[in-house]
Amino acid sequence: MTSIYSSNLAPGGALDLQSLRNRLSGDIIVPGDAGYEAARRVSNLGFDRHPWTIVRALTAADVVQAVRFARLHRLPLAVRGGGHSVAGHSTADGAVVVDLSGMRAVSIDPGNHTARVQAGGRSIDLAGPAHAYGLALSTGDTATVGIGGLTLGGGIGWMVRKYGLAIDNLIEAQVVTADGRLITTNAKQHSELFWAIRGGGGNFGIITEYTFRLAPVGAVYGGAIVLPATPEVVRGYLQIAKEAPDELSTIAQVMHAPPAPFIPEERLGELVFMVMVCFTGDAEAGERAIAPFRALAEPVAEMVGEMPYPAMFNLTEAAAQPHAAEVRSFFTDDLPGDGIESIIDAVGKATSPMSMVQLRVLGGAVRHVADGETAYAHRDRDYFVAVLGLWLDPSEDGAPHRAWTQAAWDSIKQYRQGVYVNFLADEGEDRIHEAYPAATYERLAQVKAQYDPENIFQFNQNIRPAIRQV
Ligand SMILES: Cc1cc2nc3c(=O)[nH]c(=O)nc-3n(C[C@H](O)[C@H](O)[C@H](O)COP(=O)(O)OP(=O)(O)OC[C@H]3O[C@@H](n4cnc5c(N)ncnc54)[C@H](O)[C@@H]3O)c2cc1C
């Protein structure tokens, strides 16, 4: 992409930023401004990019203005919500970045069990206020991940087996389209668009607000059981978690024991299998559901109990902080013994103590929605597997960690049966097609042609607009 980084900023010039600034409730930050260095950073510190300007939107009208401006001047346009894009799509050199992080308002309707969430809101921005009414939405596992990006890809959260994906609870969204209109989309209005934004990513417009249905959730029975990382334990986990009641969702990680308060100091750094559990129901039933994990092997450590739902995010506090990451992932129904051994072997050779392989067991309510009902296309898959190469210091040479991620991926990629778009890095066109079967991709391309024929929204897992017959 041609850089317009040094373009003319003079008032009255072709790129009159002052006139845009005058039309905004929010602000504009450009290189040289005091806040620019902080504003250009995203959560993944590996993406060290320099946008041409950052529009800090405060209202949907600001987003409209930013889109019209970028389109008029044919400027590359990136969208930033929570800033956690695995592919670095929420920032780009020389681009106009529409930064939604100032739009985090949440409004709960306790009578109707719904929430309106501005699209810059993060999981924790909703979880706290909803909990005050004994309500919750299953979003993701990490407090600071944006509901904006997460929802557009599907949203696999702590209660996914009980309450489905975040998109399965989406009622409506406000969207700014490529031609600078603010429209409402739901099952009746712009229904094809509504289908597409439930799994098709940020291809179709900028969401400014979501309306979700909330579930009656107060306390959950949750926490972590840390087991030795042996093939038998991992195999046993996959079976038990798959056959567990839908009330139990789990996320498990082959990793080096992290410095958590509940892990004995002498076990820190040991290769372990941490099973994080979230049971939505009473403690007794929760205890029955998780007991089989404990029977797999003598736990290294454990911290499980009744807790308010938002406390689940304490388990992933480290992931919520800015860090550098290289990610490869897939869905599968079949992770045989050799695959499990490759995973354990790979983590044993990790170049960073933070790197890990994560396993999530799906099923349950994800399957209650028919395959074609949303653009999220892999509802039948049992497991999600992610190789997470993670390191903290951005000045560190990331090459060894990237090479480790690639090697770990190479050792298990033959088991892949599709990929989750939200965990896709910048891996090329073929991998985008792995996220969407041919018919889904074709339908997305038709919606793209209708709502964004010029591909204004291109910093995403990009769907090429279908060529329209005239
Ligand atoms: C630490 C970590 C934990 C994660 N955990 C989970 C998890 O538990 N479950 C899960 O499902 N996913 C998870 N993810 C993946 C996550 O859902 C995606 O990375 C998602 O894109 C992040 O959204 P964001 O708003 O934070 O990111 P951003 O980087 O701000 O946005 C990512 C992309 O989404 C699009 N986008 C964002 N907001 C809008 C908007 N309002 N309108 C239009 N397009 C928009 C844009 O294309 C943008 O480039 C995790 C990622 C990380 C890094």
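1. A backbone N or O atom of Phe459 lies 3.3 Å from an oxygen atom of the ligand, a polar contact in the sense of a pair of N or O atoms within 3.5 Å. This is a predicted model, in which local features need pLDDT of at least 70 and side-chain atom pairs count only at pLDDT 80 or more, while totals for chains, interfaces and linings use all residues. Residues are numbered from 1 along each chain as its sequence is written, and side-chain values use heavy atoms, with hydrogens and water left out.

2. For Ser85, a backbone N or O atom is 2.8 Å from an oxygen atom of the ligand. For Ile207, a polar backbone atom lies 2.9 Å from a nitrogen atom of the ligand.

3. On its own the ligand has 940 Å² of accessible area, and the protein covers 94% of that (Shrake-Rupley method, 1.4 Å probe).

4. Strand S3 (77-80), helix H5 (147-153) and strand S10 (206-213) each give two or more residues to the shell around the ligand. H5 gives the largest share, four residues. Helices (H or I) are DSSP runs of at least four residues and strands (E) of at least two, numbered from the N terminus.

5. There are 34 residues around the ligand, with Gly81, Gly83, Ser90, Asp141 and Tyr420 coming nearest; a residue counts if one of its heavy atoms lies within 4 Å. The shell has 14 nonpolar, 17 polar and three charged residues, with Gly counted as polar and Tyr as nonpolar.

Technical notes: Polar contact = N/O pair within 3.5 Å; in protein donor to acceptor, adjacent residues only side chain to side chain.
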